[in-house]
Amino acid sequence: MKIGYDVVGNIAILKFSRDAKLKDKKEIAWRFLKEHRQVTTALEKVGKFSGRLRTQKTRWLAGEKTKEALYRENGCEFRFNVESCYFSPRLSEERKSLSEIVKPDERVLIMFGGVAPFAIVIAKKMKEKSGRKGGGGKVVSVELGRECNKYALHNVRRNKLQEIVEVVQGNVRRVIGNGKKISEEFDRIVMARPQLKDSFLDVAFSVIKKGGIIHYYGFCKEDELQDMKKLIIEESRKASRRVRILKVSRAGDIGPYRWRYRVDFKVLG
Ligand SMILES: C[S@@+](CC[C@H](N)C(=O)[O-])C[C@H]1O[C@@H](n2cnc3c(N)ncnc32)[C@H](O)[C@@H]1O
């Protein structure tokens, strides 16, 4: 039987074909635990990531009865519930690559922050680069889900980054912008977008500094990439800003012939 899986720390999330029988799934799950000693719980993925919070339903199959993961990546630790919080271990290389380009004195905004993995990996690197004096930089992570936010706060403390990372709960449309809770300008904005129609680019344009950089994540087929670039240019015009696209890179596959792309662009004025 063909199975796919994701391992997040102590938890494996197994994906079976539709016709798989429960008895067979349990047997495979127990075998999986035997073969992967660091994994102590096996869950079954039931359905896709859905809704605004991008949560997924899971069912317990074998091992310890928990849905709370403890996961390590890029020298950081994260605790979260795999069912009530979106988390993708497949984005770890993205987080690493961004953490390497951020300078220690930058003000960085993470939109759609989840349990704060982007904010924490970036802030940890900023701290390492700045030495004991500190670089004066700051990272603000904004997330809609209350449960996610609870874990985000815990994870910031767990990684001892309270001085650099601020976690804000709320809809990016309601909390970011002139006259709102987050109205200061940023050197860099990471838009780790959910797969929703809204581009949220107008929100980012309202708080990016002149000369600042936006990392925009979008989902499409390769031959639709031009449309994504066009959308960025159109939205920049609507916001009376000028942009220059610096780089487009693939940040993982999301289905047959569909990719998650990262478009890096500079806001010139
Ligand atoms: C694709 S995930 C990214 C999560 C995180 N950056 C990560 O890599 O684990 C999208 C996240 O955006 C949040 N979200 C969706 N719409 C939002 C909105 N309007 N404002 C703030 N957060 C939102 C969801 O709750 C979800 O946690």
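Domain bounds here come from an automatic or database domain assignment. On that basis, the protein splits into domain 1 (4-66) and domain 2 (90-267). Keep in mind as you look around that this is a predicted model.

Let's start with the overall build. The C-alpha centres of domain 1 and domain 2 sit 30 Å apart. For 269 residues, a compact globule would have a radius of gyration near 18 Å, and the protein's 19 Å agrees with that. Of those 269 residues, 38% count as buried. As for secondary structure, you'll find seven helices and 13 strands.

Now for the ligand. Where does it lie relative to domain 1 and domain 2? Both domain 1 (4-66) and domain 2 (90-267) give residues to the shell around the ligand, so it lies between them. There are 22 residues around the ligand, and the ones that come nearest are Phe112, Gly114, Leu144, Ala192 and Pro194. Sorted by class, the shell has 13 nonpolar residues, five polar ones and four charged ones. Helix 3 (117-130), strand 8 (138-143) and helix 5 (172-175) each put at least two residues into that shell.

Together with helix 4 (residues 146-158) and strand 9, strand 8 makes a right-handed β-α-β unit. Strand 8 and strand 9 (residues 165-169) run parallel and are joined by five bridges.

Phe112 is found in the loop between strand 7 (107-111) and helix 3. Its backbone has a positive phi of about 70°, although Phe112 is not a glycine. Is Phe112 buried or exposed? A residue needs 20 or more other C-beta atoms within 10 Å to be called buried; Phe112 has 22 C-beta neighbours inside 10 Å, so Phe112 counts as buried.

Asn74 also has a positive phi, near 50°, in a residue other than glycine. You'll find Asn74 in the loop between strand 5 (68-73) and strand 6 (76-81). With 15 C-beta neighbours inside 10 Å, Asn74 counts as partly exposed, because that label covers the range between 12 or fewer (exposed) and 20 or more (buried).

Note on methods. Residues numbered from 1 in each chain as written. Predicted model: local features only at pLDDT ≥ 70, side-chain atom pairs only at ≥ 80, totals over all residues. Near = placed C-beta within 6 Å. Helix = DSSP H or I, 4+ residues; strand = E, 2+ residues; numbered from the N terminus. Nonpolar A, V, L, I, M, F, W, Y, C, P; charged D, E, K, R; others polar. Pairing = 2+ DSSP bridges. Right-handed = clockwise from strand over helix to strand, strands pointing away. Rg over C-alpha atoms; globule rule 2.2 N^0.38 Å.
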